[in-house]
Amino acid sequence: MKGRLVIAVAALASLVVAGCSSSSSTSSASGSTSSATGGGGSGSKACNASIGFEGPITGPVANLGAEQLHFAELALSMDNAANKTNITLVQGDTQLQAAQAVTVTQQLISNSAIVAVVGPAGSQEVKAVGGPMGQAGMAFISGSATNTALTSGTYPTFFRVVSNDRVQGAQDANYIVKNLHPKSLMIVDDQEVYSTGLVATMIPIFTAAGIKFDHESVSQKLTDFSSLVAKVTSATSVVVLPWQVAANAQQFGRNLAAQHKTAVIFGTDGLFDTKAFTISGSYVSAFGPDITAMPADASIASAAQSKYGSFGTFGPPVFAATHVVDEAIASVCKAGQTPSRANVLAAIKQTNEATSILGQPISFDAHGDLANGKFFLFKISSAGKYQLIPSS
Amino acid sequence: MRLFFQELVNGVTTGALYSLIALGFSMVYGVLKLLNFAHGDLYMVGAFIGFFVIQWFGGAAHLTIPVPLLLVIMFVLAAGVVGGLGVAIERFAYRPLRDAPRIAPLITAIGISFFLENAALLLFGAQYRIYNTSEFISFSSGIQIGSVNIDSVQIMVVVLGVALMIGLRQLINRTTLGKQMRAVAADREAAEMLGINVNFTIAATFFLGSALAGVAGVMAGLLFNQVTNTIGFIAGLKAFTAAVVGGIGSIPGAMLGGLLIGLAESFVTGYISSTYTNLIVFGVLIVVMLARPSGLLGQAQLQKV
């Protein structure tokens, strides 16, 4: 009986540890910001604040979430050093699920020390948390949510540092029409807001160009695409996969090869994963550039590589988003105010960075959209390398 | 016709996989009347074992042993370890609750499922692990009939799956252990009074059912390439559905149910649309259940009053 009790306690403890692993925090948000009245750059008075982070730290795209978290932490440490601020990060794991994002958001909102949030990653999550964030007056900046509807004015405290699907969808569809010249194509959404939004932007362009297309839809949790690939005809020269899980696209590519189909895969953002998606000849359009190829970002890329290893395009936009929040908090402190949700929100609206890690200026329009944003297009070489190519 | 035969091949392959997992569900339900919701997670553990075997022998691109030997080690190790894990789960989580109200082991099964899923997360991380099967089993090693392609992994999955199902059926119908299993499934107390070691028989059932899930996990890794800690949920759900449709507790029913779901998914995707696959497949299954509540090959329970 005693042994059984010990086993039961050990199992319970393991479950608790396992459960806790998905919601740990970089640092505690217990510190109050009430004493922060000084300028961030003066060094004479502390500029204390906490910001939240929402990302898929575990779950099907944990690799992307980890990258986003790493770049948020990197930006925070660099900005704290540069601005002499003391901003801490409180992590929240959304697992790329809207319901989980709502839970995390409620936790962050209830923490009065948190003045702004970086994230969440997915458009479906932004839609789920936009209401509560707005009611709490909490600014939140996503580094990867691109659905067009997010910046239609429904979510007054939402911002993003990447361009939206209308830009990406149109750019990608036009590239396919003008450069790949398909007579017939297959387009497959993954039943998430991000994916269906992009597809909705692309389809009118394909229709106008007279291209026959087969629109399919699969769950993000599906791992066998052999039945779908069987529908790819010999006339289908392009398969468009606006997906978030790179491993799924890799499997789709393998199923194509197994059935001796030669259609080219054209993917978007989530497929930019140099380890998980390596089907040669494929295209990937991404909201972020490859900063390892940008001389101005050499120090950041080097710091990220030495600290966290290799990375893709999901981290740098989160670095940019975190930097925007950090600078807003620093400017509030410099103005002699205590950072609060209201004054940080006002400062973020005034953001006007001449340049950024993304190689482009950052400012926001009236609805929080990035002004004059652009997308980047990569082609995967026969060696599996991602090469930046002209996107028009 | 090309599409028809290609979808037939795809459906039979997926169906064989579902059948193998469903067999374990059905066996455990047969002897304990327990819905073992942790079964899908045992499949996940099997898939991870297969992945790590590949890594131990140099990785997909640089294998240090011949491929047939690698496959044997993958399947045997996955079956053995996952079978052992199934026995341990039965011994420590289910046996103490054998005489408790039926809801108690059901909740325990859900707890074990979460435990395994999160333990895998802690041990292996959340990222996808990729088998890279095509690095050591070439696509060109399959066969092509007209314009229908059957790759060698699909052939292996179907052949091995069918062999295991036939073997299991023979074991249950023709061996002493099989007779003991059937006796325990029919009436546990009576079996005990007849001198059958019920604990051993139930443990053996868990071992066999779990081992099949482990083998199915390796097959899934070879077929679908990706492994992560969450793959067991959907697979378990599909297998549970297959077991119920076939007639839970019935071994041939589990095979038939798995095959039907695999084929239905494949043909709906091929001929209608992937958008409506789950809607149509599960809609049809609801109709089947309405027409035959005890499943296609299940036997109606007689109520004694």
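## Basis and terms

Two residues are in contact if their C-beta atoms, placed from the backbone, lie within 7 Å. Helices (H or I, at least four residues) and strands (E, at least two) are DSSP runs, numbered from the N terminus. Axes are lines fitted to C-alpha atoms, for helices over the stretch in contact, and angles run from 0 to 180 degrees between N-to-C directions.

The model is predicted: local features need pLDDT of at least 70 and side-chain atom pairs count only at pLDDT 80 or more, while totals for chains, interfaces and linings use all residues. Residues are numbered from 1 along each chain as its sequence is written, and chains are lettered from A and ligands numbered from 1 in the order in which they are written.

## Domains of chain A

Chain A is divided into domain 1 (33-163 + 294-363) and domain 2 (166-286); such bounds come from an automatic or database domain assignment. Taken over C-alpha atoms, the centres of domain 1 and domain 2 of chain A are separated by 31 Å.

Contact between them involves 17 residues of domain 1 of chain A and 16 residues of domain 2 of chain A. On the domain 1 side, α2 and α4 (123-136) of chain A each supply at least two residues, and α4(A) gives the most, with three residues. The residues of this side comprise four nonpolar, twelve polar and one charged. Here Ala, Val, Leu, Ile, Met, Phe, Trp, Tyr, Cys and Pro count as nonpolar, Asp, Glu, Lys and Arg as charged, and the others, Gly among them, as polar.

Four bridges join β13 (residues 376-380) of chain A to β14(A) in the antiparallel sense, and I380(A) stands opposite Y386(A) in β14(A).

A second open sheet, of five strands with parallel pairing, has the order β2-β1-β3-β4-β5 in chain A. Because β2 (86-93) and β5 of chain A each have a single partner strand, one side of each is left without a neighbour in the sheet. β4(A) and β5(A) run parallel and are joined by three bridges, with I141(A) opposite F159(A) in β5(A). Helix α2(A) lies across β1 (48-55), β2 and β3 of chain A and runs at about 170° to β2(A).

The buried residues of helix α11 (residues 341-349) of chain A are V344(A), A347(A) and I348(A). They lie on the same side of α11(A) because they cover an arc of only 100° around the axis, the arc being that of the directions from the helix axis to the C-beta atoms. A residue is buried if 20 or more other C-beta atoms lie within 10 Å of its own. The cover over these residues includes β3 (114-118), β4 (139-142), β5 (158-160) and α10 (315-334) of chain A.

## Contact between chains A and B

The contact takes 32 residues from chain A and 36 residues from chain B. On the side of chain A, the largest share, seven residues, comes from α1(A). The residues of that side divide into 13 nonpolar, 13 polar and six charged.

Key: A residue is buried if 20 or more other C-beta atoms lie within 10 Å of its own, exposed if 12 or fewer, and partly exposed in between; C-beta atoms are placed from the backbone. Two strands pair if DSSP finds at least two bridges between them.
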